Amino acid sequence: MRVVEIREKAVKLQSKLRNAAFSFDEMTTSLVAVVTDVVRAGKPIIGYAFNSTGRYACGAQMRDRLIPRLMREERLTLDPAAFDPDLWLSAMMFGEKPGGDMERSVAIGTIEHALWDAVGKIADKPVYQLIADRYRGGKVQEKVFCYVGGGWYAPGKTIQDLLDEVRRYLDMGYTLIKMKVGGAPLTEDLQRLEAVIGLLGDASRVAVDANCGIPVSLRPSYAAALKPLGLRWFEEPAHPNDYQGNADFIAAYGNAVATGENLFSLEDVRNLVRHGGMRPGTDIIQTDVPQSYGIGTAAKVLAMLEAHGWSASSVLPHGGNQMSFNQSAGFGYGMCEAYPDAFGVFSGYCDDLKVEDGYITSGDWPGMGFERQAELFKLFEGVTG
């Protein structure tokens, strides 16, 4: 049960959306295919993954360093009874200097997810069950709460357009909506927020995301203006590594704050917990697992968080895709997110999974379940075709 070949292909996201920090016009992602020597129905089992969204394709690192190292690791196995994510990581990290994690963590985490997909298919088990078996005594979260990310900025988009967008999400079954702030004047953002809250009838059904795009000088104004609204959370008020800035915002805002999707190692998240003012049971940690070394590292991050008084219910993985759903169901995370109309085929979950009153029920699929995303799977097949 060995790896025969690993391939990578960069593709464009095909998105024109904008948040407070940047637009996705040029965004790409890496597709990875892990070809194994296990053959079923005359075809090799192949594991797939992509590097989530918000970070560009990283094929050069994969091809030049990481894949060759992994392929020469003699102990590498995909045997469901003997696979070792820590060995995968150590093999790819050979010769790497500590620090500078993002340059390699996205590439490593993407390959690692493809390896998990392959193991799941060989075992004929969902990856979420493999995660639960290894790290959680087999306990799976059968139903996962899922919120929807929207409220993007777009040229000419009116408040009525925003409300129509929210209504579409409600019709899809979502009950918690996250919308962008910080990309327009505060007065305009408040008008947008008040309209959405008025439609939903409850501010706790609304979260906001500033994408680290609010200037330091404006953070106190946003904290003061949004504090009385009673929103579910305020996401990324400061630069990812500005732990003091995050702590200062929390002190001023008081309500729940979420961050962490742009941190790429256990050490990053530990510093956030130590120095970022984050409060267990109130605030939310949002690492993007394929971008931060993968599932094996996510287990170590969760153990570190629990040692600092946090629980898995306070972790909400960034990504909004089939990989993050498997992570949430396997680790017992508090919820997952979705972007049903934001990133094309890279958005959302299996085609037959439905959101019911804000929840998605885990399905019975081998591996990650990408084969049940018809349009996305066509792209994956193109990597090895």
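Mentor: One term before we start: a residue counts as buried when its relative accessible area is under 20%. Also, keep in mind that this is a predicted model.

Trainee: Okay. Is E165 buried or exposed, then?
Mentor: E165 is buried, because its relative accessible area is 4% and the cut-off is under 20%. You'll find E165 in helix 5, residues 159-172.

Trainee: What does the side chain of E165 make a polar contact with?
Mentor: With the side chain of Y169, at 2.7 Å. Leaving out residues up to four places away in sequence, E165 also touches G150, G151, W152 and K157.

Trainee: Switching to helix 7. Which residues are buried there?
Mentor: In helix 7, residues 219-226, the buried ones are R219, Y222, A223 and L226. They sit on the same side of the helix, because they cover an arc of only 100° around the axis.

Trainee: Why would residues a few places apart point the same way?
Mentor: An α-helix has 3.6 residues a turn, so those three or four places apart point the same way.

Trainee: And what covers the buried residues of helix 7?
Mentor: Helix 6, strand 6, strand 7 and helix 8 are included in that cover. On the face turned away from the buried side, helix 7 carries exposed P220 and A224.

Trainee: Last one: where is H308?
Mentor: H308 is in the loop between helix 10 and helix 11. H308 is partly exposed, with a relative accessible area of 36%. Not counting residues up to four places away in sequence, H308 touches V273, R274 and P280.

Conventions:
Residues numbered from 1 in each chain as written. Predicted model: local features only at pLDDT ≥ 70, side-chain atom pairs only at ≥ 80, totals over all residues. Heavy atoms only, no water. Buried < 20%, exposed > 50% of the residue type's maximum accessible area, 1.4 Å probe, protein only. Helix = DSSP H or I, 4+ residues; strand = E, 2+ residues; numbered from the N terminus. Arc of directions from axis to C-beta. Contact = heavy atoms within 4.5 Å. Polar contact = N/O pair within 3.5 Å; in protein donor to acceptor, adjacent residues only side chain to side chain.
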